Every structure is written in C-alpha cells, then in structure tokens.
There are 2 protein chains.
Amino acid sequence: MIKIGFLGPKGTFSHEAMEKYIGAREHAAYDYGTIPDMLYAIQRGDIDEAVVPIENSLEGAVNVTLDMLASEVDLKIRAELVLAIKQNLLVKKGTGFGDIKHILSHPQPIGQCRKYISANFPEVQVRYVYSTAGAAEEVAKGEKGLAAIGSVKAAEAYGLDILAYGIQDGENNFTRFVVIANEDNERTGYDKTSIVFSTEDRPGSLYRILDIFNLWDINMTRIESRPAKNQLGRYIFFVDINGHRDDEDIRDALTMVKRKTSFFKFLGSYPRSKAEY
Amino acid sequence: MIKIGFLGPKGTFSHEAMEKYIGAREHAAYDYGTIPDMLYAIQRGDIDEAVVPIENSLEGAVNVTLDMLASEVDLKIRAELVLAIKQNLLVKKGTGFGDIKHILSHPQPIGQCRKYISANFPEVQVRYVYSTAGAAEEVAKGEKGLAAIGSVKAAEAYGLDILAYGIQDGENNFTRFVVIANEDNERTGYDKTSIVFSTEDRPGSLYRILDIFNLWDINMTRIESRPAKNQLGRYIFFVDINGHRDDEDIRDALTMVKRKTSFFKFLGSYPRSKAEY
C-alpha cells in the first residue's frame with residue numbers, strides 16, 4: 001500500500017489533487033503542515049510519495065517547492081497533474097446572503113475573487129487569515145455573519161454549506177502539482193524532463209545552454225529563475241523540456257548541459273499531463 | 001519639490017530605501033499601503049515617483065511589482081538601488097532577553113532569522129503577523145514578554161529598544177528597489193535597460209529572442225518569467241540588459257526583439273546601481 005502525503009489540513013486543493021492522482025489505488029494519506037516537512041518525510045522514509053503544488057496560472061511559481069527540490073532534498077518528480085481551481089463561498093448552515101458581515105480567507109483566494117466580492121458584497125469586511133482551511137474552521141465555529149472562501153472539499157471537511165459556486169474572477173485558474181518520490185518514472189513516449197542548473201558567471205552563459213536545446217531540437221516548455229541565494233544578481237534556472245532521459249537526444253543534450261553549467265541537478269522524467277489547458 | 005511614495009507604514013525597508021535614494025533633495029514623502037495603490041497614485045499625478053522593491057537575494061522576485069509594470073500601469077523605471085536587509089530584535093524599554101515569551105513578525109523576516117531564533121530562543125513562541133511594522137506596533141502597545149523582528153527604522157518609528165542587531169541568518173540578504181515615474185532616465189554610460197515581452201507560442205521562441213542579444217553582444221543580467229495569466233504554461237519574460245536605449249546597439253536589438261515578440265513593453269533605461277554585492 002502506497003503512503004502518500006499532501007499539504008493539509010483536509011479540504012485543501014492539495015488534498016483534492018492527491019485524491020485525483022491516487023484514484024482507486026489502495027493508499028494511506030498523511031497531511032503535512034508545510035511543503036518542507038512533507039518532503040523531508042519522504043527522505044526519512046515515512047511516506048513514499050507526496051503531491052506538491054509547483055505553479056499556478058495566475059500567481060506563478062511556488063517558490064518553496066522549487067527551492068526545496070534544488071537544494072534541500074535529493075528527490076525526483078515522478079508525475080504531474082493539473083487541477084482547475086474553483087473558489088466557493090462557504091457558510092454555516094442557516095446563513096443567507098444578507099447575513100454576511102465578514103468574509104475570511106487567505107489573501108490569495110481573496111485576490112482571486114476580488115471582482116465577485118466588490119460586486120456582491122461591497123459593504124462586507126474582508127479579513128485575511130493564514131489558510132483557507134483555517135478560514136473554514138473559523139466560520140464553522142463562529143457566528144452566523146461569517147463566510148469563508150474555499151474549496152468544495154473544505155466545505156465537506158468542516159460541515160459548511162456552499163452559498164455560491166465558482167466565484168473566482170477568471171476562468172483560467174489552474175494549479176500544476178507534481179508528485180515527488182525517491183525515483184522518477186518510466187518512459188511512456190509522451191514525457192517531460194525537469195532539470196535545475198546555474199550557469200557560469202559570464203555574459204551569455206544562459207544563452208549557451210538554451211543553444212544546446214536548440215541544436216538537439218528539444219522543446220523547452222518552461223524556464224523559471226530563482227535566486228542563487230549567495231549573491232544578489234546570481235540565479236539558478238529550472239527548465240522543463242519535452243522528452244525522457246532514456247531518449248537518445250535528451251541524454252546527449254543533458255550530458256552537454258552538465259558540462260557547461262557550474263551546478264546541475266536532474267529532477268526527473270515523467271509522463272506529461274494530458275489536461276487540456 | 002519632488003513628491004515621492006514608499007511602501008508604508010514608517011519604518012519599513014522601503015522607507016529606508018526611499019530616504020537613501022532621495023538623500024538631501026527637498027521632497028515630500030507619502031506612504032502607501034500597497035504597491036498597486038502607490039503606482040496608480042503616480043498615474044493619477046498625486047506623486048511624482050515611488051520606490052518599490054523588485055527582487056530580494058533570498059526570496060526572489062517581488063511578483064506584484066512585475067505584474068503591475070507589465071500590465072496594469074504605463075510607467076517607467078528611472079533608477080535602481082540596492083539595500084542590505086538587516087533584521088533586529090525589537091522590544092519595549094525594560095524588556096530583557098529572559099523576559100521574552102513571544103516573537104512576532106511577518107513570515108519572511110522570521111524565515112530569515114530562523115537559526116538565530118532556534119539557537120537563542122528555543123522555548124519562545126513565534127507568532128506570524130501581517131507586517132513587520134504591525135509587529136513593532138503590537139510590541140509597543142503590548143506587555144513586556146513580546147519582541148518583534150524588524151528594521152532599525154521600525155524601532156525608531158515605534159519607540160522600541162533594539163536588543164540585538166543584525167540577527168538574520170545569512171550575510172547575503174539584499175533587496176533591489178526601483179524608482180518608478182512617468183519617464184525613465186538619461187544616458188550616463190553605465191546604464192541598464194528593462195523590457196518585458198511574451199514570445200510566440202511555438203518551440204524555441206525564447207531562444208530566438210536571446211539569440212538577438214547574442215548577435216549584438218548585449219549582456220543580459222536577469223531574466224524572470226511570470227505567468228501570462230491567460231493560460232497555464234504561457235509566460236511573459238522580464239529581461240534586464242546592460243546599456244541605454246540611446247546606445248545604437250541597444251536600439252537596433254530592441255527594434256528586432258519587438259518584431260519577434262507577440263507582446264513587447266519598454267520599461268526604461270536608467271543608471272546601474274554601483275553597489276558592490
């Protein structure tokens with residue numbers, strides 16, 4: 001039986017992503033308070049795999065995930081999946097639209113529902129709390145005038161009613177999650193490979209790396225920079241390319257990239273998400 | 001007299017950066033609660049310039065600044081400056097090391113002082129609050145057992161004592177600020193130019209842009225991607241290059257970049273910070 005971690009508490013989008021990934025397979029699920037705690041738990045062998053967010057279509061990269069994979073743990077990506085993020089207005093049973101005096105959530109979902117809130121609740125006070133699940137819990141324990149913004153799973157977890165579905169402003173709110181484990185995945189023929197590297201400190205060094213992918217006709221689908229942390233103005237680069245480490249062109253190109261970078265780490269080859277987005 | 005904005009309240013690192021930038025020049029300073037509020041104030045003509053953080057050597061890009069410059073306002077960068085970020089332990093007069101029961105701050109400074117806290121205050125409870133200045137204010141109003149983590153300016157603003165100086169874990173904590181205005185700056189011969197663009201949606205399109213800089217021997221000092229927000233997996237790129245828009249090679253290269261990108265915005269040419277970092 002697979003032991004799998006997700007970013008808790010119950011009712012988060014990470015929880016939803018984990019259930020989507022695991023499907024009908026037999027498993028034991030463990031929730032963690034932070035992404036670092038969860039990844040260290042894989043290294044210690046407490047769990048086999050963990051589902052972590054890596055980027056959102058509106059908010060961008062999840063920096064803590066990138067930083068952990070680059071320098072804190074020696075783990076691999078073995079799958080990716082994309083989840084549509086839908087926010088909802090959650091209330092205690094018996095609360096109606098007219099009763100709501102305070103709306104609670106984390107700043108990110110509040111930001112995603114700004115137009116809905118100002119159109120429907122111009123007079124209501126918005127209060128930032130530290131997590132969406134925390135907001136749902138507070139609403140469950142609190143008075144009638146409170147509403148939380150959160151997922152359908154959060155409503156289930158805290159026994160709340162959903163007063164309005166899909167209240168986020170844009171239709172393009174997706175989060176990409178990756179599944180982290182000790183080993184990456186087999187070749188399927190429709191794969192992606194993730195690496196992280198830093199270049200030498202001289203002009204044009206990033207260009208020379210991308211030139212390698214160009215020479216081998218390898219399609220780079222993403223490049224994300226993060227600070228190298230030893231000096232302002234020095235960066236490490238996370239790059240996703242189409243293909244598997246067992247493909248000859250990928251293997252040859254990565255061999256060359258390794259030679260031309262001052263730091264190189266292979267993060268895994270895994271099947272590309274088939275989600276249409 | 002120049003009207004200049006900073007990210008308030010008084011005592012923030014933005015406040016310190018603003019004072020460093022303005023020096024002895026006559027000015028009126030205005031504090032704003034958010035970066036968007038401040039940038040819209042320039043567009044409305046309420047203030048002439050504003051000092052905003054754009055990247056930190058440990059935490060990376062300040063996304064809200066990038067997103068605002070790319071798509072919400074039509075303003076330019078006219079200067080940059082780099083500030084060393086030093087965190088301090090702030091207490092009410094009369095509080096000693098042994099009195100401290102709770103340490104308050106924003107998660108970012110707490111994260112920057114994690115080693116110091118666990119070495120010196122293993123038993124103390126850490127509490128996250130929404131801003132460093134808010135933490136200082138709470139300590140000033142609260143009981144003896146509270147300490148805040150924040151800047152020297154925050155101590156001054158809220159009348160607190162500094163019990164320990166420079167408690168951040170790394171010595172490499174710098175924030176780069178940019179000065180935003182309606183117009184960018186004149187050529188000095190030691191300049192930087194910032195642009196933002198998105199590439200066509202086909203393989204190798206980012207490579208072809210960097211190829212242009214390579215052809216003209218232009219040094220790219222930074223590339224930062226942000227989500228395009230219309231679709232997961234589509235990005236816009238912020239690029240800094242050395243040189244001024246009045247330099248012939250920069251002008252020619254940017255003309256070519258404009259032709260090869262689906263979206264292009266010039267963000268300004270301005271003197272490079274001379275800070276040694």
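Pro9(B) lies in the loop between strand E1 (2–7) and helix H1 (13–22) of chain B, where helices (H or I, at least four residues) and strands (E, at least two) are DSSP runs numbered from the N terminus. The peptide bond that leads from Gly8(B) to Pro9(B) is cis, with omega near 0 degrees. This is a predicted model, in which local features need pLDDT of at least 70 and side-chain atom pairs count only at pLDDT 80 or more, while totals for chains, interfaces and linings use all residues. Residues are numbered from 1 along each chain as its sequence is written, chains are lettered from A and ligands numbered from 1 in the order in which they are written, and side-chain values use heavy atoms, with hydrogens and water left out.

**The two copies**
- Chain B is superposed on chain A by a rotation of 180 degrees with 0.0 Å of shift along its axis, at an RMSD of 0.0 Å; the superposition is by least squares on the C-alpha atoms of residues with pLDDT of at least 70 in both.
- The two copies are therefore related as by a two-fold rotation axis.
- Both copies use the same surface, since 100% of the contact residues of chain B recur in chain A, contact being defined as heavy atoms within 4.5 Å.

**Chain A as a whole**
- The secondary structure of chain A comprises 9 helices and 15 strands, and its C-alpha trace spans about 65 × 45 × 35 Å along the principal axes.
- Of its 277 residues, 55% count as buried, where buried means under 20% relative accessible area, exposed means over 50% and partly exposed lies in between (1.4 Å probe, protein chains only).
- Among the contacts in chain A with a separation of 6 or more, 75% come from residues 24 or more positions apart.
- In chain A a cis peptide bond, with omega about 0 degrees, joins Gly8(A) and Pro9(A).

**Two arginines of chain A**
- Arg226(A), in strand E13 (residues 220–227), is buried at a relative accessible area of 3%.
- The side chain of Arg226(A) makes a polar contact with that of Asn63(A) at 3.4 Å; a polar contact is a pair of N or O atoms within 3.5 Å, and within protein one must be able to donate a hydrogen and the other to accept it, while residues adjacent in sequence count only if both atoms are side-chain atoms.
- Beyond the residues up to four places away in sequence, Arg226(A) touches residues of both chains, including Asp67(A), Tyr235(A), Leu58(B) and Glu59(B).
- Arg78(A) lies in strand E5 (residues 76–84) and is partly exposed at 22% relative accessibility.
- The side chain of Arg78(A) makes a polar contact with the side chain of Glu49(A) at 3.2 Å, and the contacts of Arg78(A) outside four places in sequence also include Tyr21(A), Asp184(A) and Tyr270(A).

**Positive phi in chain B**
- Asp217(B), in the loop between helix H8 (205–215) and strand E13 (220–227), has a phi near 55 degrees, a positive value in a residue other than glycine, and is exposed with a relative accessible area of 71%.
- Lys229(B), in the loop between E13 and strand E14 (235–242), has a phi near 75 degrees, which is likewise positive in a residue other than glycine, and is partly exposed at 35% relative accessibility.
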